[in-house]
Amino acid sequence: MLTKEYQEHNGAKDANTWYVGYNYDESASGGEFTKGLRPTSIRYADGRLVEDKDMHFCAPAGADHHRRSRGRGRGNVLNEIVREYNDLAMLVKEFQEHGGAKDANTPYVGYNYDESAAGGEFDRSEMSPCFPIPSMGGGQMADFLYATGKALRGVGCVVECGSWLGASVAPVAAGLRDAGSTAAIHCYDRWRATKEEVRKAAAQGVELFEGQDLLPLFKENVLAIYPHVVCHQGWTREATWRDDPIELYIDDCNKDPEDFHHALATFGPAWIPGQTIVVLMDYEFYRKPHLSAEQRERYACQRRFIEEHADCFEQIAANIGGTSAVVFRYRKSWI
Ligand SMILES: C[S@@+](CC[C@H](N)C(=O)[O-])C[C@H]1O[C@@H](n2cnc3c(N)ncnc32)[C@H](O)[C@@H]1O
């Protein structure tokens with residue numbers, strides 16, 4: 001259970017890093033938590049402690065006039081929060097600050113859970129397992145990629161260009177594994193750490209060095225999940241492909257028109273009309289504000305291609321997890 005959430009800061013986390021702390025009722029009887037580990041208080045980063053008293057009621061610690069007149073529905077104090085829980089002690093409603101007692105008009109944040117069950121057990125089949133792999137987008141899309149991998153029909157293999165440390169392919173691999181598949185996943189990457197990659201990995205707690213061969217690390221991250229992974233190390237513009245049909249194509253590195261068009265010519269003929277899912281993780285990258293006009297023009301090549309062949313692709317998802325990714329189903333050949 002989450003107990004501390006450190007705030008954004010520069011440099012490594014240290015004893016002075018601000019955090020929000022979460023406390024739970026851990027009283028137990030006969031080896032069971034009697035109050036289901038219900039949240040009891042939150043400590044905000046500025047040190048303010050907000051206590052959750054019983055009856056799902058919160059009041060600021062130290063507010064003595066509240067201690068004297070504790071009861072439901074006073075609701076006129078700064079930071080007073082009212083929460084509701086379900087029978088599993090899971091938070092379902094968090095009422096917002098407001099003047100006066102909570103009533104039917106008090107705004108609240110509601111939390112809904114996937115309660116689909118099979119054989120008396122919660123079935124979380126579309127949720128990806130957790131992958132502690134540094135990510136440049138794959139982590140944010142993990143649930144989608146897991147569900148996609150799991151739903152593949154076994155009519156072809158998977159190709160990914162731009163795998164880095166495995167954050168985007170690991171959920172696909174887990175989905176295939178959980179579906180009992182043995183379909184091959186082919187990963188293409190140069191796997192050679194750049195300065196920027198070293199920085200991004202460090203920000204996620206993994207130390208790399210510039211020029212490091214990342215293939216061993218990638219294998220360590222992914223092969224333990226799924227053994228049917230084939231690694232092709234090198235520049236994608238030198239990539240080749242046999243004729244095996246491709247059921248899922250993920251592209252997270254061919255932003256440049258030359259690379260993208262080489263990838264299309266290499267892998268496109270193996271896409272299966274009506275079936276292949278094409279995940280273009282950089283599709284909307286060209287919109288990034290830090291890019292020059294010239295870069296924007298170049299990186300819009302994926303969008304231009306899809307728009308010029310709109311009858312060949314059907315868009316099925318966009319900006320998953322807040323990323324630049326757009327996903328298409330391949331309909332028919334553009335050639
Ligand atoms: C954005 S990262 C991939 C991140 C990964 N998909 C994820 O979700 O964490 C792009 C990767 O592709 C590699 N790469 C970039 N351009 C490449 C190219 N033209 N050929 C081969 N690899 C390339 C980079 O070194 C890096 O490992």
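**Close-up 1. Contact between helices α2 and α3 in the predicted model**. On the α2 side, Ala 142, Leu 145, Tyr 146, Ala 147, Thr 148, Gly 149 and Lys 150 meet Pro 171, Val 172, Ala 173, Ala 174, Gly 175, Leu 176 and Asp 178 of α3. By class, the residues of this contact comprise nine nonpolar, three polar and two charged. Helix α2 covers residues 142–151 and helix α3 covers residues 169–178; their axes come within 7 Å and cross at roughly 35°. The crossing of α2 and α3 is right-handed. In general, the angle between the axes and the distance between them describe two packed helices.

**Close-up 2. The seven-stranded open sheet**. The strands follow the order β15-β14-β13-β16-β17-β19-β18, and their pairing is mixed. At the edges stand β15 (229–233) and β18 (313–318), each of which pairs on one side only. Averaged over the sheet and with direction ignored, neighbouring strands are turned by 20° against each other. Helix α3 packs on this sheet, where it touches β13 (157–161), β14 (185–189), β15 and β16 (246–251). The direction of α3 makes about 170° with that of β14.

Close-up 3. In general, strands of a sheet pair through backbone hydrogen bonds, in either a parallel or an antiparallel manner.

**Close-up 4. Antiparallel pairings of strand β2 with β1 and β5**. Strand β1 (residues 4–6) and strand β2 (residues 19–24) pair in the antiparallel sense, with three bridges between them. Gly 21 in β2 is the bridge partner of Lys 4. Strand β2 is also joined by four bridges to strand β5 (residues 39–43), and these two strands run antiparallel. Here Tyr 24 stands opposite Pro 39 in β5.

**Close-up 5. Residues surrounding the ligand**. The ligand is surrounded by 16 residues, of which the closest are Gly 138, Gly 162, Trp 164, Ala 167 and Cys 253. The shell is made up of five nonpolar, seven polar and four charged residues.

Key: Residues numbered from 1 in each chain as written. Predicted model: local features only at pLDDT ≥ 70, side-chain atom pairs only at ≥ 80, totals over all residues. Near = placed C-beta within 6 Å. Nonpolar A, V, L, I, M, F, W, Y, C, P; charged D, E, K, R; others polar. Axes fitted to C-alpha atoms, helices over the stretch in contact; angles between N-to-C directions. Left-handed = near helix turned anticlockwise from the far one by under 90°. Contact = placed C-beta atoms within 7 Å. Pairing = 2+ DSSP bridges.
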